Amino acid sequence: MLIVPEREIAALMTRDAAFSAVEKVFAAMADAKAYNFPVVREAIGHEDALYGFKGGFDRAGLTLGLKAGGYWPHNLEKRGEINHQSTVFLFDPDTGKARAMVGGNLLTALRTAAASSVSIRHLARDDAKVLGMIGAGHQATFQLRAALEQRAFEKVIGWNLHPEMLPNLEKVAKEAGVPFEAVELPGMTEADVIITITSAFSPSLMAEHVSPGTHIACMGTDTKGKQEVEAALLSRATVFTDEVAQSVSIGEAQHAVAEGALRAEDIAQLGAVINGSHPGRQSAEEITLFDGTGVGLQDLAVAAAVVDLAVEKGVATEVDF
């Protein structure tokens, strides 16, 4: 079995490589060539942590495995460790033998950012100029860097429940040469693209905060009960997702479907836009929304790419297992 530790990931996986891996696996899912296994995600009753497993099998890429991990909300404060912790395990689909164990923390951040940036590439208006960010934590910086590469954005605006964290976004915007402005939530009407990346259990972005023609990437809701945007916003939008079953059960759409504001059959897979079987955005006034729930196949795709690179560069450790 090969081991690629967390310390090696930054030198191996780029944003472009993550984007390509995620885009390909979304298309494979829409073509029914890849599928995810049911998600297990539970509060463990210790350290307020959420822990679980996401897995799947990509027949096109012959990638089989799972990611184990979750969210420890007190890690940064107590231990100086990031709150999201995970490890990816890959298996040989021909034999079932363990093939690789890969550090999943940075990979999770990169694949989550890649998913929203794939949605921006395929659904946002070509003339989008203002990027709105809701959330300013660790993951938000990855989201912002990836998003800024998808359009010629001229301004970034941001809101966070704890405004003292907004310099995290300002720093990234400044590095990219784009001005940043802190706004209140009604100010999000200026945005052409909005990314929500929080761990909230009640909505902050309301329908009245979103202008016609906006593309929204909802990236924080991945558990029952979480919610970042008002259910009424989904009823106004054309909704896309990574996987419909997760969207309606643990994603942002869970609330809109429960309230009758949206039907599961009205949600399209982003992969269908990528492979051309769905037209995607059809007008400049249309609001599009991507419900990024985070599927196991994303993790497997980026982990498999990292393993190949690690072997090529001689930094993977082989152990008997």
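Against which helices and strands do the buried residues of α5 pack? In this predicted model, the buried residues of α5 pack against the helices α2, α4 and α6 (167-175), and against the strands β8 (130-134), β9 (155-159) and β11 (193-196).

View 1. Helix α5, which runs over residues 138-148, is mostly covered, with 9 of its 11 residues buried. The buried positions in α5 are Q139, A140, T141, F142, Q143, L144, A146, A147 and L148. Two of these, Q143 and A147, are also among the residues touched by I195.

**View 2. The largest nonpolar core and the contacts of I195.** The largest nonpolar core holds 67 residues, and within it F26, V102, L131, V156 and I195 touch the most other members. Helix α4 (residues 105-123) gives the most to this core, contributing 10 residues. Another core, which lies apart from it, has 26 residues, including M188, L205, A207 and A237. When residues up to four places away in sequence are not counted, I195 touches S116, I120, L131, G132, M133, I134, Q143, A147, A217 and M219.

**View 3. Helix α4 and its crossing with α2.** Helix α4 is mostly covered, since 17 of its 19 residues are buried. The 19 residues of α4 should span 27 Å at 1.5 Å a residue, and the distance of 28 Å between its end C-alpha atoms agrees with this. Helix α2 (residues 15-30) packs with α4 at an angle of about 70°, and the two axes are 8 Å apart. Because of this angle, α2 is roughly perpendicular to α4. The contact involves R15, A18, F19, V22, E23 and F26 on the α2 side, and L110, R111, A114, A115, S117, V118, R121 and H122 on the α4 side. In passing α4, helix α2 makes a right-handed crossing.

**View 4. The crossing of α4 and α11.** The axes of α4 and α11 come within 10 Å and cross at roughly 120°, so α4 is oblique to α11. Here too the handedness can be stated: α4 passes α11 in a right-handed crossing. On the α4 side the residues that meet the partner helix are L107, T108, R111 and A115, and on the α11 side they are Q298, D299, V302, A303 and V306. R111 and A115 of α4 also belong to the contact with α2.

**View 5. Helix α11 along its length.** Helix α11 comprises 18 residues, 296-313, and reaches 26 Å from its first C-alpha to its last, close to the 26 Å expected at 1.5 Å a residue. Its buried residues are G296, L297, Q298, D299, L300, A301, V302, A303, A304, V306, V307 and A310. Directly after α11 comes G314, whose phi is positive, near 75°.

**View 6. Two loop residues with positive phi.** D48 lies in the loop between β3 (40-43) and β4 (50-58), and its phi is positive, about 55°, although D48 is not a glycine. D48 counts as exposed because its relative accessible area is 58%, where the cut-off for exposed is over 50%. L62 is found in the loop between β4 and β5 (63-71), and L62 likewise has a positive phi, of about 50°, without being a glycine.

Notes: Residues are numbered from 1 along each chain as its sequence is written. This is a predicted model: local features need pLDDT of at least 70, side-chain atom pairs count only at pLDDT 80 or more; totals for chains, interfaces and linings use all residues. Side-chain values use heavy atoms; hydrogens and water are left out. Helices (H or I, at least four residues) and strands (E, at least two) are DSSP runs, numbered from the N terminus. The expected span of a helix is 1.5 Å times one less than its number of residues. Buried means under 20% relative accessible area, exposed over 50%, partly exposed in between (1.4 Å probe, protein chains only). A nonpolar core is a set of buried Ala, Val, Leu, Ile, Met, Phe, Trp, Tyr and Cys residues joined through side-chain atoms within 4.5 Å. Contact means heavy atoms within 4.5 Å. Axes are lines fitted to C-alpha atoms, for helices over the stretch in contact, and angles run from 0 to 180 degrees between N-to-C directions. Angles under 35 degrees count as roughly parallel, over 145 as roughly antiparallel, 65 to 115 as roughly perpendicular and the rest as oblique. A crossing is left-handed if the near helix is turned anticlockwise from the far one by less than a right angle, and right-handed if clockwise.
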